[in-house]
Amino acid sequence: AWVAGQSSNDDGGMGGSVLFAGVADGTIRRYDCNTSRMLGAISTGSVLDSSKDSTSISYRWNSTLRMTVENRGLQETTKVWALAALSDGTVVSGDSLGHVQIWDGMSGTMTQTFDHNESGADVLCLAVSDDENKIFAGGIDPRVQCIQRQCLPSSSSNNQESAPVRKWINAQANRKHTHDVKALAICHKATSQGSNELLVSGSVDTRICMYSAGDFRSSRPKIWYNWPSVSPVSISRKQRVLAVTRDDRVDLYRLEAPPSVNSVTNMRPEARDETKCFLKSLHIKSSFNLVCSTISDDGAFLAVSDASSLYLFSLEFDDENGVIDDVRPSKINLSGKCKQPCTALRFDALGRLICATVDGPIISLQVSPDEVSLEHVFKEHTSGLSSSSHHFPVSSLDVSVDGKWLAAGRFASGKGAVHVFTLPTKEGGQYQHWWSVPEM
């Protein structure tokens, strides 16, 4: 844990800094940084000062304090897994006995101790709020613990000399994980009202949970699961081909003929050998992972996008006795306006590719083997958004069976989370923003 000192130009910004370290012998050591100016050659621990000729600044870290962590009479020394240092000199430690301990970093005295869990399992990580009034702890236990500093009485807020010592109390604990919590971090989210302070926890269960640091007691945590939020699978019904998006490629698989309508047993899910159904992999040479892909219903085109560009391929299938045994993809060149990176893709029955771009607008491309042209750009769903709404791009697109309606959705619950557009068809119609779902 690090506490920055009062930096100045004379000491290079390091003078007065304090470093706290957990040592394998069950102690917490304090090291103070002392600086001095030297003339002549640069030695170990020195930095050349460019502002003055032939002068270097020497840094010396001196061990000034040792705090011993209790071991409850065990022969094995207690391991300090996590440390946090506050600006007022307070040091917080998490150890292998399941303790969260508060120390006076100036005298080395332990002032308070808290049990993180009933089993005495290790505390692995700590996080401190921006105002340094809340400490969050996690470890070999599914819960995240909040230890809060008591508020000052209103009568003593203006009297600095007689201000009482503010004790720490065990305020609240959340159990949104199912396994050990290995990481905690404080981050911030910009909103129209300002910035929200958030606590993020990571666990062995591969979930990421997000809490409100300012309202940890009553706010409901948000859970981000490890499975993809957008389906990586798309299907060509006419060709009975399945496309699966990977990090750097798209794998194509053939599906068996549809089962008999009268056969009830064939409608049940059955496991298939992936190696026997595999057709081909389309590798995309890019520095970025693939974001989304979709295959047209007739299997004639495949669209893929990463964080830098949109890629379009025409597909030709070789079949023998009605069974597809090979695919020959051909890349179609796209112009600058048509190759914008996308967050969601969808083909309709009229040969159009609907693309939700990363910048916000939704574009409609008319696709043919010889030419790809830009037909329309929807921007109505991006107008009038709050400052926080632009963080949620369009994540899903869907077209109605008759091809008249387009629905676009984003990961949000406020106004504008879902928009509906009209599409032109053979019977008529035009591109138009129709409606948006009210706030949920």
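Which residues does E70 touch, not counting residues up to four places away in sequence? The first legend below answers this for a predicted model.

Figure 1. Leaving aside residues up to four places away in sequence, E70 touches T78, L97, H99 and Q101. E70 itself is placed in the loop between β5 and β6, the latter strand spanning residues 80–85. Its relative accessibility is 36%, so E70 counts as partly exposed. Two of the residues touched by E70 also take part in polar contacts: the side chains of E70 and H99 are joined at 3.4 Å, and the side chains of E70 and Q101 are likewise joined at 3.4 Å. A further distance concerns D95, which is 25 residues from E70 along the chain; the C-alpha atoms of E70 and D95 are separated by 9.7 Å.

**Figure 2. Overview of the protein chain.** The protein chain contains one helix and 33 strands. Of its 440 residues, 40% are buried. Among contacts with a separation of 6 or more, 45% are made by residues 24 or more positions apart. The chain exposes about 24700 Å², and carbon and sulfur atoms supply 50% of that area.

**Figure 3. Aromatic pairs around F378.** Seven aromatic pairs are found in a search of the whole structure. In one of them, F378 and F421 are tilted, with 4.5 Å centre to centre and 45 degrees between the planes. F378 belongs to strand β29 (residues 372–378) and F421 to strand β32 (residues 418–422), so this pair ties together parts that are 43 residues apart in sequence. Both F378 and F421 are buried. F378 also pairs with Y431 in an edge-to-face arrangement, at 5.7 Å centre to centre and 70 degrees between the planes. Because F378 lies in strand β29 and Y431 in the loop between β32 and β33 (432–436), the pair ties together parts that are 53 residues apart in sequence. Y431, like F378, is buried.

**Figure 4. An aromatic cluster and a nonpolar surface patch.** F136, Y211 and F216 are linked into a cluster by ring pairs. On the surface, W2, L19 and W61 form a nonpolar patch, and together these residues have about 280 Å² of accessible area. W61 lies in strand β5, which covers residues 55–68. With a relative accessibility of 34%, W61 counts as partly exposed.

Figure 5. Most residues other than glycine have a negative phi. E132 is not a glycine, yet its phi is positive, near 60 degrees. The residue E132 is found in the loop between β10 (123–128) and β11 (134–139). Buried means under 20% relative accessible area, and E132, at 19% relative accessibility, therefore counts as buried. R240 is also a residue other than glycine with a positive phi, of about 55 degrees. The loop that holds R240 runs between β18 (233–236) and β19 (241–245). R240 has a relative accessible area of 28% and is partly exposed.

Figure 6. Side chains of opposite charge can pair when their charged atoms come close. The search of the whole structure finds 16 salt bridges. One of them joins the side chains of E76 and K79, at 3.7 Å from N to O. E76 counts as exposed at 59% relative accessibility, whereas K79 counts as partly exposed at 24%. Another salt bridge is formed by E316 and R328, whose closest N and O atoms are 2.8 Å apart. This pair links distant parts of the chain, with E316 in strand β24 (residues 310–320) and R328 in strand β25 (residues 323–332), 12 residues apart. E316 is partly exposed at 42% relative accessibility, and R328 is partly exposed with a relative accessible area of 38%.

**Figure 7. A buried salt bridge and a salt-bridge network.** The side chains of D348 and R352 meet in a salt bridge of 2.6 Å, N to O. D348 and R352 are both buried. Elsewhere, a network of salt bridges links R246, D248, R249, D251 and E274.

Methods: Residues numbered from 1 in each chain as written. Predicted model: local features only at pLDDT ≥ 70, side-chain atom pairs only at ≥ 80, totals over all residues. Heavy atoms only, no water. Phe/Tyr/Trp six-rings, centres within 6.5 Å; stacked < 30°, edge-to-face > 60°. Helix = DSSP H or I, 4+ residues; strand = E, 2+ residues; numbered from the N terminus. Buried < 20%, exposed > 50% of the residue type's maximum accessible area, 1.4 Å probe, protein only. Patch = residues over 30% accessible without salt bridge, like charges linked within 9 Å, V, L, I, M, F, W, Y side chains within 5 Å. Areas by Shrake-Rupley, 256 points an atom, 1.4 Å probe, with all protein chains shown as cover. Salt bridge = Lys/Arg side-chain N within 4 Å of Asp/Glu carboxyl O. Contact = heavy atoms within 4.5 Å. Polar contact = N/O pair within 3.5 Å; in protein donor to acceptor, adjacent residues only side chain to side chain.
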